[in-house]
Every structure is written in structure tokens, then in C-alpha cells.
Amino acid sequence: MQTTDAPITVTNTAARKIAQLATKEGHPQPILRLRVVAGGCSGFSYELGFADAPQADDHVIAAGDGVQVLIDAQSAEIVEGSTLDMDTSMLGGGLKVHNPRAVHECACGESFSI
């Protein structure tokens, strides 16, 4: 479990939303996994989902409200320098990764390329 040099920053607004969703969905701890997977119309897309515990090679980012965000080593390289934030827009709102390395994002907002 790697905890130094967090590859991303998690805003307090995002942490509050993660904690709320974890409680609503019945998860005992607010642990969110962020993965980058191949796919989507631009090459990569993000997957967000709750986890029970970190895996051995995960980066563990401690955020507000007791939230932990887990990122595997391969995904960490792609999201380095990013921010996980909460977008409150009525259309397309939700948890969003703002990745400065993304050179193109699909119009759907779900996929990107670097």
C-alpha cells in the first residue's frame, strides 16, 4: 500500500459526496476506487466504484470526512496531477476527474486521451 506522493487531490466537496454516497449505498467505510481503463471514444475512461479495502499496490489518498480514494499503480501514472471534484451541474454533474494531462475529451465527457 503506497501512501506517499498522492497522484491526485480530492476536494472537500468531492469527499463529502463520496461519504454521502457510501452511507446511502450501505458501505461501512467511504473507500472509493478510481481506475483508468482502455475504452471509450477517446481511448481511456474513468471507473469509479466503492471498495472494501486497499490492495497491495494501491495509492491511498486520505481525504476529508474519513474518505479514502484508492488508485492502482498503472492508473496513478495517467491521473498524476489531477483533481477529483464534485460538479454540481444539473446535466452531466457528479464526481469528475480534472486531468491536466488529458489533451482531448469526448463530447460525452466520459472518455479522454493523453
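This report describes the nonpolar core and the strand pairing of a predicted model.

## Basis

In this predicted model, local features need pLDDT of at least 70 and side-chain atom pairs count only at pLDDT 80 or more, while totals for chains, interfaces and linings use all residues. Residues are numbered from 1 along each chain as its sequence is written, and side-chain values use heavy atoms, without hydrogens and water.

## Nonpolar core

A nonpolar core is a set of buried Ala, Val, Leu, Ile, Met, Phe, Trp, Tyr and Cys residues joined through side-chain atoms within 4.5 Å. Buried means under 20% relative accessible area, with a 1.4 Å probe and protein chains only. The largest such core has 19 residues, and Ile 8, Val 10, Val 67, Val 69, Ile 71 and Leu 84 touch the most other members. Two or more residues each come from strand S1 (8-10), helix H1 (12-24), strand S2 (31-38), strand S5 (68-71) and helix H2 (73-79). H1 gives the largest share, four residues.

Helices (H or I, at least four residues) and strands (E, at least two) are DSSP runs, numbered from the N terminus.

## Strands S4 and S5

Strands pair if DSSP finds at least two bridges between them. S4 (residues 59-62) and S5 run antiparallel, joined by four bridges, with Ala 62 opposite Gln 68. They form a hairpin with five residues between them, and Asp 65 in the turn has a positive phi of about 60°.

## Strand S6

S6 pairs with S1 in the parallel sense over three bridges, and Ile 8 stands opposite Ser 82. Five bridges join S6 to the antiparallel strand S7 (residues 94-98), where Val 97 is the bridge partner of Leu 84.

Methods. Buried < 20%, exposed > 50% of the residue type's maximum accessible area, 1.4 Å probe, protein only.
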